[in-house]
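Welcome! Please take a moment with the sequence and the 3D view below, and then we can walk through a few parts together.

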Amino acid sequence: AGRAEFHKFITWKEGRILAQQVEAALLDQIREDADIWRQSGPATKGKTFAIPNDTLLEFSNQAATIGSDVTLSPEERCIRLRRLDRQRRRSMARLANEERKRQRELRSAKVGNGILMAAAFEDLKPGFDYRCRVSAVSSVGEGPFSPPTFNSRTPANTPATPACPVVAAVSQTAVRIRWATPLDNGSAITRFEVRRDSDFDEIFEYSRRNSEVTFSGLRAGKRYAFQVRAFNQIGPSNWSSWSERVSTLTALPLTPGRPVVCEATITTVTLECVKPDNSGKIISKMVFQRRELRPGGVNSEWANEMSFPAAPGAGGTTSYVVVSPLGPNSVYQFRCAAVNIHGQSNWSLPSFRIRTLPAEPPTAPQHPRVTKIHFTSVDVTWVASDSKGSPVIGHVLELKRLRRVQAAKPIVNGTEYSVDDSNCSPLVSNQVDGIVTSLDIGYRSKYQAQNLEPSANYVFRVSACNGQGQGAWSRWSDVFSGGLPQEPS
């Protein structure tokens with residue numbers, strides 16, 4: 001209101017701003033007066049002057065009404081706002097004088113021959129009964145204490161924040177913690193709640209007599225921390241600070257489950273094994289043993305230990321292992337164990353008995369070809385066949401000397417083959433059957449055919465033999481000459 005231009009005119013917007021300024025200044029003045037009275041002495045300590053919100057609201061509404069009245073001219077609006085401000089000042093001065101008078105009467109009220117005094121005590125414990133007595137002190141000395149007052153109880157509160165829990169013992173799957181019972185703050189503690197950092201939503205409840213509990217069912221090698229809070233009739237306390245993070249102990253892996261046989265062939269068995277819990281340390285490999293059951297129900301000793309890398313993943317991951325070589329038509333059992341940094345776990349239960357398939361004649365050799373040609377001989381070789389459970393004891397080689405025809409025969413489907421041999425090489429489509437020589441050779445997959453005619457063309461095929469008989473024939477080789485041509489002397 002002290003702005004120079006207010007005596008000229010005031011707009012509706014400026015009237016609203018003025019009303020807000022009046023309200024803010026009034027609130028600040030009342031708070032300042034209340035702070036002065038609060039610090040005036042022990043007789044008024046803790047007592048504050050209540051801000052008259054109804055008075056503030058009344059003046060604010062009146063100022064807003066004057067500022068929004070469009071029927072008033074700026075001069076009339078300014079006059080009414082000044083008059084309202086004078087009324088506000090008088091009203092607040094009256095309220096302040098009444099409060100000062102009340103405070104003076106409180107500090108200097110005559111009671112008989114004495115003066116009524118007041119004192120406030122702070123930092124008392126909630127839920128406790130207190131009595132007070134007073135004595136006067138003068139320049140001569142301290143007088144006797146007055147009789148004590150009647151009991152006065154402070155209101156109860158929630159329990160104090162418990163101290164940090166302490167880890168008392170640790171095992172592979174359990175942790176024991178203990179804590180000190182906090183102050184109940186005037187209401188008896190009814191129960192405790194504990195939670196761990198691995199799962200905030202899972203809260204465990206214990207009676208008020210418990211101050212030491214054991215958490216079981218934990219994972220080996222994992223770190224845990226704990227919090228505790230107390231309850232009374234008023235409500236819960238704050239959560240305590242987290243305990244020191246402690247790791248459960250690690251150990252050997254748990255015993256794996258029984259291996260399951262998925263498939264058996266003549267010389268191999270496929271096993272399915274479930275990876276056990278690693279007990280806190282990574283499983284580096286899985287170990288398998290087998291034993292062969294002899295006729296008559298006599299068990300052989302467990303032997304033939306084999307190691308395989310563990311499948312990636314946590315416990316419960318399924319891995320597949322192929323065990324070979326095995327004997328044909330034999331009965332086997334298998335067991336497994338897991339290995340980590342601490343060592344090997346106990347052996348699993350043995351698998352159910354499984355018999356491999358009986359031995360069969362060997363498969364056909366693959367890729368018969370000529371490796372080197374001499375003057376009257378050639379070196380031939382091939383890829384060894386699968387023995388099918390019985391060792392290869394020899395090979396049979398057929399060497400065919402081809403003859404040429406005088407006229408080309410009709411070509412069927414683009415290729416003509418021998419009459420009695422449909423798998424002859426396409427390179428000899430213009431050749432006819434010739435003389436076939438059968439040779440019994442050793443178990444090796446190479447041979448040198450000798451005494452051949454350099455001018456003749458040959459093809460060969462081979463089959464393997466084992467204890468079950470002769471296997472299938474390989475395909476015919478590509479055509480080759482019987483030797484290098486002789487140079488004229």
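Strands (E, at least two residues) and helices (H or I, at least four) are DSSP runs, numbered from the N terminus. Two strands pair if DSSP finds at least two bridges between them. This is a predicted model, where local features need pLDDT of at least 70, side-chain atom pairs count only at pLDDT 80 or more, and totals for chains, interfaces and linings use all residues. Residues are numbered from 1 along each chain as its sequence is written, and side-chain values use heavy atoms, with hydrogens and water left out.

Let's start with the strands. A hairpin of 4 residues links S21 to S22.

| Strand pair | Residues of partner | Bridges |
|---|---|---|
| S22 with S21 | 366-373 | 5 bridges |
| S22 with S25 | 446-449 | 4 bridges |

S22 itself covers residues 378-383, and S25 runs antiparallel to S22. Asp379 in S22 has Lys372 as a bridge partner, and Gln448 in S25 is also a bridge partner of Asp379.

Now on to helix H3, which spans residues 74-108 and holds Arg86. Glu76 lies in helix H3 too. Buried means under 20% relative accessible area, exposed over 50%, and partly exposed in between (1.4 Å probe, protein chains only). Arg86 counts as partly exposed because its relative accessibility is 45%. Glu76 is partly exposed as well, at 40% relative accessibility. From C-alpha to C-alpha, Glu76 and Ile66 are 9.6 Å apart in space, and they are 10 residues apart in sequence.
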